[in-house]
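This report goes through selected helices, strands and single residues. The sequence and structure come before the discussion.

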Amino acid sequence: MNYQLDILKKLLAKYDKSKTSIGQNKISRKIVLFLSKTYPKYLEPTEYELRQKINEAIAYLVSQGLIGANLLRNNTYEQLNLVLDEMAISTSYSLIGKETKTTVRNRLENILSVCKQSGNAILESYAEKQLLRLKNNLSIEFFNDDFTEYINILKGIYEVQLIEEETFYRNFSMSVYNNSKYFEKHVKLKIENFLWKYGDFEDKDKILEEFNLIKTPSCINIKGNVQITFKNGTIINTTSLFGGIGLSTIDIKFINKIVVNNNKILTIENLTNYYTFQNNDFCVIYLGGFSNHCRRSFLKTIYLNNPNKKYMHFGDIDAGGFYILNHLKEKTGIAFIPYFMDVPTLKKYKRNWESLTDNDKLRLHKLLESPYKETVKFMLDNNCKLEQESIL
């Protein structure tokens with residue numbers, strides 16, 4: 001072990017956590033390291049060689065004016081203290097290969113100030129909270145002493161929200177980081193965690209997909225009495241297909257017209273229920289949770305060609321199900337109404353109820369003024385929710 005560096009790292013780690021490092025201590029306090037606690041074998045009589053190495057390291061650091069220490073009569077040290085003048089601190093940081101606390105704080109403050117003025121709601125919310133943490137000498141979330149990675153995370157957060165069409169991970173990575181594998185290998189999980197904490201999403205695993213960022217092409221499933229016409233003149237009719245068809249999102253942009261001959265159009269949250277549901281009065285569409293730009297474009301094409309149909313959504317009777325329904329309505333502008341997501345359905349399938357989690361209750365309380373308030377209130381009063389699989 002290099003005891004010179006180890007001693008400095010331990011002292012500077014304590015310094016970093018202290019108010020002294022940011023000048024908030026009214027009384028000057030020493031940053032102290034006790035040898036017997038730091039190196040338990042230091043005082044053992046048989047550990048002469050270890051003690052000699054540590055003593056030599058201490059003597060060198062004292063000679064360089066970086067630490068203070070008093071050698072006792074038995075040729076041991078009891079404690080060490082960090083020399084706190086600006087030059088000594090700067091030299092100590094330089095020796096361990098780190099920037100000074102002040103330099104790091106200034107760099108972070110500059111980066112967060114840019115985020116706060118970025119015009120991006122998620123980054124602005126994050127920056128405001130982190131600047132407050134910085135003021136209180138607390139660690140900065142998602143910063144792990146690596147400025148390159150940190151900036152790449154923030155850059156990814158900004159860029160992912162600008163995607164307008166479905167984009168593959170590797171294409172996004174090449175465009176943003178000039179490396180096709182960097183995104184997935186280094187920052188994907190951190191960006192998902194960041195968005196999950198500072199955004200408002202129902203499904204953590206679907207966050208990137210909601211922003212049109214996908215690993216591989218996905219599908220939209222549709223069944224019923226439907227005729228789909230593509231721009232090249234190709235026509236697909238799903239009437240005789242019991243399970244319908246799955247359309248790759250790559251092909252959605254080539255659709256010219258969708259004519260639905262069923263009376264009602266139903267989007268459905270669960271793939272199993274999509275295949276289970278059979279009713280000739282309905283055209284049924286499985287979107288796979290949240291609708292991204294491509295899926296919304298598909299629904300808008302249907303609505304444009306079939307404005308007089310009844311549009312409905314069938315999902316779980318829980319906070320997430322209503323959240324997805326709201327998201328669908330807001331993003332498409334289509335007046336979807338809930339299907340089997342009401343109090344009578346809850347009462348009918350009482351045997352399949354599940355209890356609400358604390359997070360469920362918190363999110364349901366936010367829906368008490370929504371169009372679904374009667375169902376929401378019933379769920380809160382009866383501590384219940386219901387998965388749509390329990391219904392079919």
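## Helix 16

In this predicted model, helix 16 (residues 358–365) has three buried residues, namely Asp360, Arg363 and Leu364. Around the helix axis they cover an arc of only 100°, so they sit on the same side of helix 16. Asp358 and Leu362 are exposed on the other side of the helix.

The partners of this buried side are two other helices: the buried residues of helix 16 pack against helix 14 (319–332) and helix 17 (373–382). An α-helix has 3.6 residues a turn, so residues three or four places apart point the same way.

## Helix 1

Helix 1 covers residues 3–17, and at 1.5 Å a residue its 15 residues should span 21 Å. The C-alpha atoms at its ends are 21 Å apart, which agrees with that expectation. At the start of the helix, a side-chain oxygen of asparagine 2 comes within 3.2 Å of the backbone nitrogen of glutamine 4.

The buried residues of helix 1 are Tyr3, Asp6, Ile7, Leu8, Leu11, Leu12, Tyr15 and Asp16. Their cover includes three strands, namely strand 1 (32–34), strand 2 (67–71) and strand 3 (77–82). It also includes helix 3 (48–63), helix 4 (86–95) and helix 5 (101–116).

## Helix 4

Which residues of helix 4 are buried? They are Ala88, Ile89, Ser92 and Tyr93. Seen down the helix axis, these residues fall within an arc of 135°, so they line one face of helix 4. Glu86, Met87 and Ser94, on the other side, are exposed. The buried residues of helix 4 pack against helix 1, strand 3 and helix 5.

At the N-terminal end, helix 4 is capped by aspartate 85, which has a side-chain oxygen 3.1 Å from the backbone nitrogen of methionine 87. Just after the helix, glycine 97 takes a positive phi of about 75°.

Three strands make up an open sheet in the order 1-3-2, with antiparallel pairing. Strand 1 and strand 2 are the edge strands, each pairing on one side only. From one strand to the next, the twist averages 20°.

Strand 1 pairs with strand 3 in the antiparallel sense over three bridges. Leucine 33 has leucine 80, in strand 3, as its bridge partner. Helix 3 lies across strand 2 and strand 3, and runs at about 125° to strand 2.

## Tyrosine 77

Is tyrosine 77 buried or exposed? With a relative accessible area of 9%, tyrosine 77 is buried, because it falls under the 20% cut-off. Tyrosine 77 lies in strand 3.

Residues up to four places away in sequence aside, tyrosine 77 touches Leu35, Tyr42, Asn55, Ile58, Ala59, Ala69, Asn70 and Leu71. Among these contacts, Asn55, Ile58 and Ala59 fall in the range of helix 3 (48–63), while Ala69, Asn70 and Leu71 fall in that of strand 2 (67–71). The C-alpha atom of tyrosine 77 is separated by 16 Å from that of isoleucine 31, 46 residues apart along the chain.

## Threonine 249

Threonine 249 is found in helix 11 (residues 249–252). Its relative accessible area is 6%, so threonine 249 is buried.

Which residues is threonine 249 in contact with, leaving aside neighbours within four places in sequence? They are Glu166, Pro217, Ser218, Cys219, Cys294 and Arg295.

## Two asparagines with positive phi

Most residues other than glycine have a negative phi. Asparagine 75 has a positive phi of about 65° although it is not a glycine. This residue is found in the loop between strand 2 and strand 3. Asparagine 75 counts as partly exposed, at 38% relative accessibility.

Asparagine 212 also has a positive phi, near 70°. Asparagine 212 is found in the loop between helix 10 (207–210) and strand 5 (213–214). At 4% relative accessibility, asparagine 212 counts as buried, whereas asparagine 75 counts as partly exposed.

Note on methods. Residues are numbered from 1 along each chain as its sequence is written. This is a predicted model: local features need pLDDT of at least 70, side-chain atom pairs count only at pLDDT 80 or more; totals for chains, interfaces and linings use all residues. Side-chain values use heavy atoms; hydrogens and water are left out. Helices (H or I, at least four residues) and strands (E, at least two) are DSSP runs, numbered from the N terminus. The expected span of a helix is 1.5 Å times one less than its number of residues. Buried means under 20% relative accessible area, exposed over 50%, partly exposed in between (1.4 Å probe, protein chains only). Contact means heavy atoms within 4.5 Å. A polar contact is a pair of N or O atoms within 3.5 Å; within protein, one must be able to donate a hydrogen and the other to accept it, and residues adjacent in sequence count only if both atoms are side-chain atoms. The arc is that of the directions from the helix axis to the C-beta atoms. Two strands pair if DSSP finds at least two bridges between them. Axes are lines fitted to C-alpha atoms, for helices over the stretch in contact, and angles run from 0 to 180 degrees between N-to-C directions.
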